[in-house]
Amino acid sequence: MSRYNPKEVEPKWQQRWTDARSFETGADKDKPKYYVLEMFPYPSGRIHIGHVRNYAMGDVIARYKKACGYNVLHPMGWDAFGMPAENAAMQTGSHPAKWTYGNIDIMRGQLKQMGLAIDWAREFATCDPEYYVHQQRLFLEFWEAGLAYRKESLVNWDPVDQTVLANEQVIDGKGWRSGAPVERRKLSQWFLKITDYAEDLLAALDDGRLSGWPDNVKLMQKNWIGKSKGLQMRFPFADAAAAPKGFEDGVEIFTTRPDTLFGASFIAISPDHPLTAKLAETDKDLAAFVAECASAGTSEEAIEKAEKRGYKTALETGHPFDDRKLPVYVANFVLMGYGTGAIFGCPAHDQRDYDFATKYDLAIPPVVLPDGADAATWTLEGEPYIGPGEIFNSDFLNGLSVSDAIAAAIKKIEQMELGEGVTQWRLRDWGVSRQRYWGCPIPAIHCDTCGIVPVPQKDLPVVLPEEADFSVPGNPLDRHPTWKHVDCPKCGGKGRRETDTFDTFIDSSWYFARFASQPEDKPVDKEVADYWLPVDQYIGGIEHAILHLLYARFFTRAMKKVGHLSVDEPFANLFTQGMVVHATFKDAETGEWLLPEDVIVEKDAAKRADNGKPVKIGAIEKMSKSKKNVVSPEGIAETYGADAARWFMLSDSPPERDVEWTDSGVEGAWKLINRIWDAVSAAPGILKTVDLEKTAAGDDKTELRQATHAAIAGVTDDIDHFRFNKAIARIYEFLNTLKKEPPLMTGGYGMAAHSSAAYSGTAINPQPNKNGNSEWARAEALSALSRLIAPFIPHLAEECWETLGGDGLVCDAPWPNADPALLAKDEIVLGVQVNGKRRGEITVPAEADNKAVEEAALSDEAVKRHIDGKTVRKVVVVPKRIVNIVAN
RNA sequence: GCGGACGUGGCGGAACCGGUAGACGCAACAGACUUAAAAUCUGUCGAGGGUAACCUCGUGGGGGUUCAAGUCCCCCCGUCCGCACCA
């Protein structure tokens with residue numbers, strides 16, 4: 001029996017699939033459609049093992065759904081704009097386009113080696129002008145529809161990458177790519193009105209439109225959108241004449257706790273508040289205070305440590321309900337980006353206000369009495385009271401609960417025309433301008449006469465200039481000698497191109513739609529996009545829970561608004577897969593990180609492969625280049641083949657959890673492949689000798705047939721529920737049963753010259769095979785096996801299918817059906833408990849009634865021993881599960 | 001601080017609606033084959049006790065509900081993730 005050779009077999013089938021165009025798809029209205037998509041890769045250089053896991057999962061779904069009769073779309077492309085290309089240009093002088101397209105060529109080849117069922121005819125890169133021209137069109141349409149605008153605002157500035165970042169791209173106060181602390185700058189930027197859809201983006205999380213999404217992702221988005229209801233109101237100044245010009249009306253604040261208005265003891269405004277800026281013009285100390293706040297940093301640690309600090313202005317406001325006067329402070333803990341950038345301080349019932357009031361010796365009047373406390377004696381004990389209770393010391397609110405008082409206070413303020421109940425959102429509009437070269441140019445022209453003017457459709461695409469200077473940081477487009485100089489399309493005068501490019505998250509916000517439909521003259525053909533969308537199954541990393549997934553949801557709504565799509569939600573079902581992790585290795589002496597392949601791991605120690613010096617085994621972590629705990633997919637494919645890598649990536653760990661890459665794991669997968677091949681190659685041509693449509697007489701309920709159908713039912717159910725590890729366990733079980741069967745065949749099924757021991761005599765064939773029925777069962781089993789493994793290890797499956805004599809390609813073969821009659825057992829084994837402890841087991845007919853089961857249980861020898869001398873009080877029979885006898 | 005998820009053998013993990021805990025794989029050990037090794041095949045494999053049949057304990061800890069709890073409820077411990085001066 002020849003050993004399976006993936007190095008020959010895998011390329012052979014890849015070529016056959018390509019030749020047969022097995023995975024190319026059109027909008028076939030006669031079939032139900034299924035769109036499966038994995039988050040497309042950034043062409044960073046080479047495929048890593050995490051990609052293998054991600055795409056193997058999508059491939060299982062794609063191949064399975066195709067076998068189930070769906071018209072499957074499974075495309076692939078490249079998220080190709082971005083900083084690394086520009087960094088490479090700075091470091092090596094290689095042009096970003098050259099670097100990117102070179103990487104794409106390498107990675108495409110690697111993906112093809114994995115044997116993915118992808119429609120390569122639809123491939124594109126987001127840096128292709130044929131793609132981004134439509135992105136520019138979409139932007140112009142959004143602009144016209146009021147979904148894009150330009151304004152000057154405080155932005156997150158990444159000093160290392162020298163570009164603006166969206167709020168979503170600032171992690172712990174640091175740039176998501178560079179890790180540098182983000183600074184605040186005032187710049188004119190393009191924004192997309194994602195806040196227009198805040199309500200609907202939030203509502204869809206709960207109303208069933210995203211029932212196919214994991215709860216944790218929905219929760220993260222919900223928190224991110226951050227809806228809170230409250231009161232926005234004005235505190236008029238005590239002396240309006242003292243206020244600077246333009247600010248005489250007072251201070252506009254937002255609060256979620258208007259019930260505590262009587263507990264107010266100060267007003268605080270943000271250092272970034274316009275009033276602060278105005279006051280600072282004439283107050284040097286205040287200007288210094290503001291500057292200090294700006295430099296304090298916004299990182300998690302900085303905030304944690306930052307003391308509540310304030311600057312007392314000369315202004316005072318009144319109070320809406322009594323004649324109190326409240327001092328106005330500029331306070332470092334008030335954010336301009338939320339609410340109105342101003343608050344009223346209620347120290348008794350808010351931790352921050354309490355800290356602040358304590359420090360500046362302000363009054364702390366309590367207005368919420370905890371349930372059960374005595375108003376006469378209760379005091380705050382060194383900390384504010386945040387919980388529920390009854391309002392007191394509050395005039396018309398006295399005696400109300402917190403929630404009733406909130407409603408009453410809002411009503412009163414609305415009557416007084418000082419404010420109104422409002423909804424505040426944490427979500428801000430999406431700033432999309434980036435000061436970079438390697439991105440999609442924003443199609444706008446600045447004209448001194450006409451202002452900002454859209455680039456006319458006929459002039460699209462605005463393409464990047466090929467020549468650019470990457471030798472110094474900053475935006476190469478801005479310092480390009482000629483590119484930005486164009487005439488104004490409106491007045492014909494001198495104009496300047498917008499030199500910012502789009503945030504690359506725009507590129508990935510609609511690529512799934514372009515995969516579905518690729519007309520030349522518009523972003524998508526609506527009818528075709530309607531056929532394919534939404535994506536039925538989207539698969540990717542949890543790290544995109546907010547950024548990409550929220551932007552794509554917004555973009556889909558925006559594209560619907562301007563008439564390109566009919567759906568709100570782009571992804572009907574989302575699966576977030578875990579990472580691939582690996583142990584880390586460090587030279588014990590030098591502390592240098594080592595590649596796994598340069599380390600020899602023995603029982604309890606590890607050493608260097610080159611000089612034998614000791615190696616410290618570190619934590620099991622996400623694979624990263626810096627820690628060198630990476631394994632190359634090519635190396636694996638070289639040794640064991642793509643199938644083994646795919647199989648291992650899907651076995652053992654549940655798909656949503658992290659999986660640890662181990663050498664023994666791949667070896668296990670390799671072993672499995674050979675075991676399957678052994679079973680199959682012992683029966684060449686068997687499918688040509690039998691008619692699987694017709695059950696052979698007498699072959700109705702053998703153990704093998706039951707195992708076959710149990711495997712079909714189990715694997716089907718497991719794939720449907722994304723339990724690939726369990727599907728694989730069932731295939732092992734099935735194979736174990738299949739292997740236990742004695743070799744049945746005495747001939748070669750008409751195929752000569754096969755020299756297996758299985759064919760050579762009757763000695764190893766003692767059992768029932770006289771009428772050939774069991775050969776039929778074996779044929780059925782091997783046919784099912786080939787098809788069940790096809791989504792996971794497609795190359796081996798094709799080789800098996802061909803060897804067995806199946807028709808055509810297994811990737812075109814229908815998914816096997818489980819026969820319910822074979823899933824039902826005639827006899828079942830039931831455990832019998834006495835007082836909740838398992839004491840014996842009985843075998844009864846599956847259809848036995850409770851009484852018969854009870855009798856069988858009570859007459860079991862082991863059970864009898866345990867109830868001897870006791871009285872049976874009760875017998876609980878749970879049909880087909882268990883019997884419990886209560887006795888004492 | 002707020003919100004969420006999770007905790008099962010040496011390891012990855014199974015266990016559906018509460019119903020025989022540990023499927024399947026890895027590692028380990030023993031045996032067969034081999035001059036030998038690898039590969040392959042067979043067997044053992046939660047802990048303790050017993051020659052054995054079998055018994056006791058066991059799903060992070062403590063309590064509860066139930067004929068029956070890994071699963072449900074309460075309290076605690078631990079790990080991981082998200083958000084974070086959001087008024």
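Student: What pLDDT does chain A average, and what share of the residues score at least 70?
Tutor: This is a predicted model. Chain A averages a pLDDT of 87, and 93% of the residues score at least 70.

Student: Which residues have a pLDDT below 50?
Tutor: Residues 745-773 do. That stretch still has 46 contacts in the model beyond near neighbours in sequence. Where pLDDT is low, the predicted coordinates should not be read in detail.

Student: And what ipTM and pTM does the predictor give the complex?
Tutor: The ipTM is 0.94 and the pTM is 0.89.

Student: Which residues in α4 are buried?
Tutor: Pro96, Trp99, Thr100, Asn103, Ile104, Met107, Gln110 and Leu111.

Student: Why do the buried residues of α4 line one face of the helix?
Tutor: Seen down the axis of α4, they fall within an arc of 130°, so they line one face.

Student: What covers the buried residues of α4?
Tutor: The cover includes α2 (49-67), α3 (83-92) and α17 (633-640).

Student: Which residues other than glycine have a positive phi?
Tutor: Asp395 is one of them, with phi near 50°. Phe722 is another, with phi near 60°.

Student: Changing topic: which peptide bond is cis, with omega near -5°?
Tutor: The one from Leu460 to Pro461. Pro461 sits in the loop between β20 (451-454) and β21 (485-487). The bond from Leu533 to Pro534 is cis too, with omega near 0°. Pro534 is in the loop between α15 (526-532) and β24 (537-541).

Student: Now strands. In what sense do β8 and β16 pair, and over how many bridges?
Tutor: Strand β8 (residues 227-235) pairs with strand β16 (residues 419-425) in the antiparallel sense, over seven bridges. Val422 in β16 is the bridge partner of Gly230.

Student: How many bridges join β8 to β9?
Tutor: Five, and β8 and β9 (residues 251-255) run antiparallel. Here Met233 has Ile253 in β9 as its bridge partner.

Student: What about β13? Which of its residues point one way and which the other way?
Tutor: Ala342 and Phe344 point one way from β13 (residues 342-345), while Ile343 and Gly345 point the other way. All of them are buried.

Student: Which strand pairs with β13?
Tutor: That is β10 (residues 266-269), in the antiparallel sense over four bridges. Ala268 stands opposite Ile343 in β13.

Student: Is Cys127 buried or exposed?
Tutor: Buried, at 4% relative accessibility. Cys346 is buried as well, with a relative accessible area of 4%.

Student: Last one, Ser22. Where is it found, and what does it touch?
Tutor: Ser22 is found in the loop between α1 (6-20) and β1 (33-38). Not counting residues up to four places away in sequence, Ser22 touches Trp17, Lys66, Leu809 and Cys811. Ser22 is buried, with a relative accessible area of 9%.

Terms used
Residues are numbered from 1 along each chain as its sequence is written. Chains are lettered from A and ligands numbered from 1 in the order in which they are written. This is a predicted model: local features need pLDDT of at least 70, side-chain atom pairs count only at pLDDT 80 or more; totals for chains, interfaces and linings use all residues. Side-chain values use heavy atoms; hydrogens and water are left out. Buried means under 20% relative accessible area, exposed over 50%, partly exposed in between (1.4 Å probe, protein chains only). pLDDT is the predictor's confidence in each residue, from 0 to 100. Contact means heavy atoms within 4.5 Å. Two strands pair if DSSP finds at least two bridges between them. Helices (H or I, at least four residues) and strands (E, at least two) are DSSP runs, numbered from the N terminus. The arc is that of the directions from the helix axis to the C-beta atoms.
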